Structures are given as structure tokens and as C-alpha cells.
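What follows is a report on selected local features of one protein chain, written to be read alongside the sequence and the coordinates.

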Amino acid sequence: MDNIHDITQGMHELKFGEMAGSFPQEIIQEILIRLPVKSMVKCTSVCKAWKSMIINPSFIRTHLSPTVDDVHLLLHRVSGLEVTTLLGKTVMDKVDDEVHSVHYDNQAFDEYAKIEFTIPRKQELWNSHLRVVGMCDGLFCLADDIYRYGYNFFIWNPAIRKLLTLPKPKVRFVTHRGYDASIGFGFDAMTNDYKVVRVVTLLDQRGTPTLAEVYSLATGTWSSLGCVSPTCLTDGRASSAFVNGVLHWPVFCKTNGGLYYFILTFDLGKEVFRKIPMPKIIQWKYDLGLRLSVSDNRKSIALFIMDNRCEDSFLEIWVMKEYGIKESWTKLIFLGPQGPERLLPWALYFRKSGEVLVLLTNKSRQELVSLDLVSKQFKNLGISGYQYCNVGFYKESLLLLNKNNAESY
């Protein structure tokens, strides 16, 4: 009976293959490319011709053509037990809840879907949870370095449930001793390649040199970029922003006159470092928190300045109105502690409406809100109790589908 079933099944597949083959390839491609990502993944099992078409890099790239309606915001949030155990720093040793959820970027911030994430069993993490380094075209770069030195790096596509483990980088504690590292992730349009860039300031060497290395998804390897020029010092695990094919990090530099901030940039295509000045009014301060974001039109950068370590805590939001033009820096808002509980505002990300997602927090309370920069009013989004949040643009894609070394889960 099994043999008869197999023969019958084979005949059905043969007939379907003949029927599918009778249509022009261009028409089949136009139909397939309009399907949801999960449906396209299922279609790879229909016949060899369809699988070959769908996993073709040109098909995957064409599918990424941007549309307004299918771009959402992904929110990664973590809650847990915080204890001071590591070099006097507050470390979250136990994670109570970790959630990845996709939300419509509408007024209500409605949830579109929750996303399951599973670390391969063979991976042993050094930290209680992973840090989201960056998001690009439906891919996430994750790093195991949020509190302790760790060298597990992943590129993850939640839409097709695939996870790629990167090889260990070249600059590590065992090779260079203590360091601070900032990481960025983005797309190189010149070579159609996705790259992870790691900028590392060595702490135990004279002159505290800063080195850089880049991982290429196309080659699957890390390459050294040597010493970073312009000379700078990284602020460990500083946020990055990917705009116009360029990665951006807030850094600072030592001069005879003291310390000053600037924005370090890296062009992924030309693989060249440059710098963008920050607003002149911003002076170096030890406990100042700087965070870069994409602006609301996604064509320039925004700078969030936060001091959350004293009674006079504040949040300032600046936008570079014309990308690369230092005179176009514009301060949009200044805020102090909020309400009778003196909740401290920590800015996360610009929304397409021009509002900003903000985490209001104190020792006993954390809530995610949307800030209207004109009225200075907060709208509660019904999400609270998370000590760590990260947000980024998200679009479902087929990237990694043709990578045999990416694990499925």
C-alpha cells in the first residue's frame, strides 16, 4: 500500500509540475513575490523550479522592495531581577520575561505579532539575555555582550525562523585584554552584502588605540580594518544608527583642551571612517547618556541626550535636519523628571508620525509611552514592567533562506 501511495503522490507532483511549467516564469514570479513570507517558504516545497526561484538572491532582493504598509516596529523588552555583582555595576542575572513583538506604527501601537526566539542548544551565553545591535531588512544582529565580555554573535530572521551564528571576532579579552566595544549592523548596497562592524577601544594599552573589524555575511568571515581614524574612544555598547548606507556611533576624543563628543561614521560600501560634529553646546560629561536614532523621515539622524543619574535628570532631543550639515542640528525638546514619582525619560526611537517612543522609569516602575514633541504630552501604550527595551523598523523578508549554514528552529 505504501508503494501505491508513493507512486500516486509522485504522479500528482508530476502533473502539478507540468501544469506549473506551462505558465511563463515571469508570471509565476509575479504571483509568488506577492505572497506573505511564510507562504513563500511553504512554496519552496512545491517543486524544484519554485524552490530554485524563491531562494535565488535576485528574487530575495526584489521581494525587499520597500512599501509603506508592510514596515512595522519591533519591540524587544526584558524584565528581571537586578543585583550588583559585577565590578560594582548593576547586572541583571535572572531574566523573568523576554518578549519580541511586532507592532503597527499607528496611534494605538497595536500588536501585529509576537515572535518566538530560541538559542541553539550548543550555544552557552555569558549574559542573561542578548542585546539587539541593529535591525535591517528583516534581519537582526544580536550580541552576547550586554554586561560581560561574550563572543556569541547572531544574525536572525524571525519571519523564516532562521538563525546564523557568527564566528568569534578577532579582538577579544584573551588577545587584547580589557576593552570597550560598540557594534553596528547594516546593508552595503555596493556589494549587496550585510555587514557587522565592531569598533573596539583597548583599555590596557598606551594611547588607548581604537581598532575596527568587519564581518561580511557574503564571505562568512571577520576582516581587520586596523586602527580607526579619526582618533576616538568608544563608549562601551553605545547605540548605533544606520542611515544612507552609513553606520553612526556617539564617541569622544581626548585633546589637550579636554574631552569632546562627535559622531563616528562608517560607510559600508567604501569602508571608510569619517566624523560628524555634534551640536557645539553639548559638553563632555562622565554620566551623560547619548543615544543615536534614525530621524522620523528615515533620511537623517537624531540624537537623544539623557542624564538619569541625579535629581536634575533630563532628556534633550536633537535632529540633524539636513544630513551631514552640522549647522542643521536642531533641538526639538527638553524634559525633566515627569510626574510626582519623578519618572525619568529614556528616549528609544522616532516613529513615522514624528512622536518618540520613550521609557519612563524609576526604581520601582517602568512604562513605555509615546511622546508628542509639540504638546510635550505622553500617551501610555499599555506596556510596562520592563527594565530593558529596544526598538527598530521591521519588515518581513526571505534573507538567510538560501544560507545552508543558518539553523532553522
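## Backbone features in loops

Lys376 lies in the loop between β23 and β24, the latter spanning 378-384, and in this predicted model Lys376 has a positive phi of about 60° although it is not a glycine. Its relative accessibility is 43%, so Lys376 counts as partly exposed, given that this class covers the range between under 20% for buried and over 50% for exposed.

Asp137 also has a positive phi, near 55°, in a residue other than glycine, and Asp137 is found in the loop between β4 and β5. With a relative accessible area of 26%, Asp137 is partly exposed. Another backbone feature concerns the peptide bond from Ser229 to Pro230, which is cis, with omega near 15°; Pro230 is found in the loop between β11 (221-227) and β12 (233-234).

## Glu367 in strand β23

Strand β23 covers residues 366-371 and contains Glu367. Is Glu367 buried or exposed? Its relative accessible area is 11%, and because buried means under 20%, Glu367 belongs to the buried class.

The side chain of Glu367 makes a polar contact with the side chain of Asn380, at 3.5 Å. When neighbours within four places in sequence are left aside, the residues in contact with Glu367 are Val358, Leu359, Leu360, Asn380, Ile383 and Ser384.

Strands β6 (residues 153-157) and β7 (residues 162-165) pair in the antiparallel sense over four bridges, and together they form a hairpin with four residues between them. Within this pairing Asn157 stands opposite Lys162 in β7, while in the turn Arg161 has a positive phi of about 55°.

Strand β7 also pairs in the antiparallel sense with strand β26 (residues 407-408), here over two bridges. Lys162 takes part in this pairing as well, its bridge partner in β26 being Ser408.

## Salt bridges

How many salt bridges does the model contain? The count comes to ten, and several of them are described here. As background, side chains of opposite charge can pair when their charged atoms come close.

Arg161, the turn residue of the hairpin with the positive phi, meets the side chain of Glu116 in a salt bridge at 3.1 Å, N to O. Because Arg161 lies in the loop between β6 and β7 and Glu116 in the loop between β3 and β4, the pair ties together parts that are 45 residues apart in sequence. Arg161 is partly exposed at 32% relative accessibility, and Glu116 is partly exposed with a relative accessible area of 46%.

Asp137, already noted for its positive phi, forms a salt bridge with Arg61, the closest N and O atoms being 3.7 Å apart. This pair links distant parts of the chain, with Arg61 in helix α5 (residues 57-63) and Asp137 in the loop between β4 (131-136) and β5, 76 residues apart. Arg61 has a relative accessible area of 27% and is partly exposed.

In the salt bridge between Arg351 and Asp105, the closest N and O atoms are 2.9 Å apart. The two residues are 246 residues apart and link distant parts of the chain, Arg351 lying in the loop between β21 (344-350) and β22 (356-361), and Asp105 in the loop between β2 (89-103) and β3 (111-115). Both Arg351 and Asp105 are buried. Elsewhere, Asp188, Lys195 and Glu271 are linked in a network of salt bridges.

## Nonpolar cores

The largest nonpolar core holds 49 residues, of which Ile155, Tyr194, Val196 and Leu398 touch the most other members. Strand β5 (residues 139-143) supplies the largest share of this core, namely five residues. A second, separate core has 35 residues and includes Leu233, Leu359, Leu381 and Phe393; Leu359 is also one of the residues in contact with Glu367.

Which residues does Val196 touch, not counting those up to four places away in sequence? They are Cys141, Ile155, Leu166, Ile183, Gly184, Phe185, Glu213, Val214, Tyr215 and Trp222. Ile155, named here as a contact of Val196, is itself among the core residues that touch the most other members.

Note on methods: Residues are numbered from 1 along each chain as its sequence is written. This is a predicted model: local features need pLDDT of at least 70, side-chain atom pairs count only at pLDDT 80 or more; totals for chains, interfaces and linings use all residues. Side-chain values use heavy atoms; hydrogens and water are left out. Buried means under 20% relative accessible area, exposed over 50%, partly exposed in between (1.4 Å probe, protein chains only). A polar contact is a pair of N or O atoms within 3.5 Å; within protein, one must be able to donate a hydrogen and the other to accept it, and residues adjacent in sequence count only if both atoms are side-chain atoms. Contact means heavy atoms within 4.5 Å. Two strands pair if DSSP finds at least two bridges between them. A nonpolar core is a set of buried Ala, Val, Leu, Ile, Met, Phe, Trp, Tyr and Cys residues joined through side-chain atoms within 4.5 Å. A salt bridge is a side-chain nitrogen of Lys or Arg within 4 Å of a carboxyl oxygen of Asp or Glu.
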